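Subject: Handing over a structure, with notes

Dear colleague,

Please keep the sequence and the 3D view open while you read.

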2 protein chains.
Amino acid sequence: MERQNDDIGRLLDDAETHFLAHISLDCVVFGWHANELKILLLKMKNLDRLALPGGFVMHEETLEEAAIRTLRERTGLENIFLQQFQVFSDPLRSDPENRAKDLEKMGINRKRAAWFGQRFISVGFYSLVDFSKVDPRPDMFSDACSWYNLGDRGTMVLDHDHILQTALAVLRTQLNHQPIGYNLLPRKFTLPELQKLYETILDRKLDRRNFQRKVFSYGILRSLDEKRTGVAHKAPYLYSFDLRQYQKALKLGLQGGW
Amino acid sequence: MERQNDDIGRLLDDAETHFLAHISLDCVVFGWHANELKILLLKMKNLDRLALPGGFVMHEETLEEAAIRTLRERTGLENIFLQQFQVFSDPLRSDPENRAKDLEKMGINRKRAAWFGQRFISVGFYSLVDFSKVDPRPDMFSDACSWYNLGDRGTMVLDHDHILQTALAVLRTQLNHQPIGYNLLPRKFTLPELQKLYETILDRKLDRRNFQRKVFSYGILRSLDEKRTGVAHKAPYLYSFDLRQYQKALKLGLQGGW
């Protein structure tokens, strides 16, 4: 990783040659663990603030390639589900004066600070990952990269809190059109776990019987004839997604909402 | 309008000073007329190809402000419904050699051609307008600005056909979350007109009775106690949207699909 950060450092010393000016990307990485929605965040060096994993676009790259490269560096994952969801272009999303102070505190040299100080229009991606497979790694500007609960994250740099809130709102509207459950849950899960995921994203309680009736009517689940072990009483059955049926149902949009 | 184009011409002669490099925007403008979905396109000068209305972002503007400015110039409209829907960033979306030839054919001077020839990452917006209120106006690089039917538009420049197709696909997934009917239909409409609009966007036939049952169950229509005049027999009733109920229903997403 040190090696990788050295490489990126060299590129940033001569940023204009390698990256497109004015365009950045920020990734909201969602994971699901212990019945809670988690977000992957960086603790910035010498700042008491958090940041979304982000990066710049090389001259020969698409935005998606740049996002995949960024997420590979932060998570160790090769295949990752990601979706552009909005572009953030407020000229005031970064206040030049405060930004310059922050960059100095973080010990970023003048050459790099000039690059970081320009106006960036940032493309937001959200990403859904299997929590258990992620190996979080900080970048060269952060001390740590780790999972946070939605409810107890700290203050964030720039407009990153707004980007995160927007990603959540978009996730909500895309629940019937994107394989969100498939990407967030482990391969085997119980119906209460699936319902909790939907309730968390929709931010409201769902009626258990209605939920189960609907999810079965979509024909997207495969019953595994296997039970969750190590549970106190009445062990719940395990299910997995029938990916082919799921993709087919999502194409039309799950008709019937939740 | 000549005056306005002169102004833009001057800005483009010194483009780097006024606009952000590498970032453009393209607008897919949808209208609804005579039971057909229409798109507003430009016929490029000396090229047998069409283009989406587009533009660049000034240093002090947000992307949305740049899109509103662009659409005001092309349509004469002040208040316009628009939504970012995707960013197009393929480095090959413009082939430099062919692009240079096209710019020459269009009679664009060297200074401006250098600007137009760079790599642009383009942010796609879709816009929904009241067809009857639009006064289409070409820009300085086009002979005409006019409405086309989805089915019989001609060849388009760059990746504009792909951008248009993507906008349509997104419109489909957002039908239950955006006030699409409200923005496209005239204030008063009949149920068959509303159904035709939904069928066109969803690209499939809907059952009349099911459609009406659902649309009434959402409580978003106001019955006007007025009939469409000038129709052969059995004049249909007119409706309008109950905007407050519509917005409220969209917030949750119209539960139940179509």
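How many of the nine residues of strand 2 (residues 36–44) of chain A are buried? Before I answer, please bear in mind that this is a predicted model, and that what follows is to be read with that in view. Seven of the nine residues of that strand are buried, so strand 2 of chain A is largely enclosed by the rest of the structure. Buried here stands for a relative accessible area under 20%.

The neighbours of this strand can be taken one after another. Strand 1 (residues 19–33) of chain A pairs with strand 2 of chain A in the antiparallel sense, over four bridges, and within strand 2 of chain A it is A:Ile39 that stands opposite A:Phe30. These two strands form a hairpin with two residues between them, and in its turn A:Ala34 has a positive phi of about 50 degrees. Strand 7 (residues 142–149) of chain A is also paired with strand 2 of chain A, again in the antiparallel sense, and here there are seven bridges; A:Leu40 stands opposite A:Trp147, which belongs to strand 7 of chain A. Finally, strand 3 (residues 50–51) of chain A pairs with strand 2 of chain A over two bridges, likewise antiparallel, with A:Ala51 in strand 3 of chain A as the bridge partner of A:Leu42. Strand 2 and strand 3 of chain A form a hairpin too, this one with five residues between the strands, and A:Asn46 in the turn has a positive phi of about 60 degrees.

Next comes the relation between the two chains. Chain B is superposed on chain A by a rotation of 180 degrees with 0.0 Å of shift along its axis, at an RMSD of 0.0 Å. That is the relation of a two-fold axis. The same surface serves both copies, since 100% of the contact residues of chain B recur in chain A.

What does the contact itself consist of? It takes 29 residues from chain B and 29 residues from chain A. The size of an interface is often given as the accessible area lost when the parts come together. Between them, chain B and chain A bury about 2100 Å², and 61% of this is on carbon and sulfur atoms. On the side of chain B, the residues that lose the most area to chain A are B:His22, B:Val87 and B:Arg119, which together make up 20% of what that side buries. The elements that give two or more residues to the side of chain B that touches chain A are strand 1 (19–33), strand 4 (54–58), helix 3 (63–75), strand 5 (81–88) and strand 6 (121–128) of chain B. Of that side, the largest share comes from strand 1 of chain B, with four residues.

Strand 1 of chain B also has a partner within its own chain, as four bridges join it to strand 2 of chain B, the two running antiparallel. In strand 2 of chain B, B:Leu37 is the bridge partner of B:Trp32. Seven bridges join strand 2 of chain B to strand 7 (residues 142–149) of chain B, where B:Asn149 stands opposite B:Lys38.

One residue elsewhere in chain B deserves a separate note. B:Leu175 lies in the loop between helix 6 (160–174) and helix 7 (180–184) of chain B. Is B:Leu175 buried or exposed? B:Leu175 is buried, with a relative accessible area of 2%. Not counting residues up to four places away in sequence, B:Leu175 touches B:Ile180, B:Tyr198, B:Ile201, B:Leu202 and B:Leu250. B:Leu250 is 75 residues from B:Leu175 in sequence, while the two are 9.1 Å apart in space, C-alpha to C-alpha.

With best wishes

How values were computed. Residues numbered from 1 in each chain as written. Chains lettered and ligands numbered in written order. Predicted model: local features only at pLDDT ≥ 70, side-chain atom pairs only at ≥ 80, totals over all residues. Heavy atoms only, no water. Buried < 20%, exposed > 50% of the residue type's maximum accessible area, 1.4 Å probe, protein only. Pairing = 2+ DSSP bridges. Least-squares fit on C-alpha atoms with pLDDT ≥ 70 in both. Contact = heavy atoms within 4.5 Å. Buried area = accessible area lost by both parts, 1.4 Å probe.
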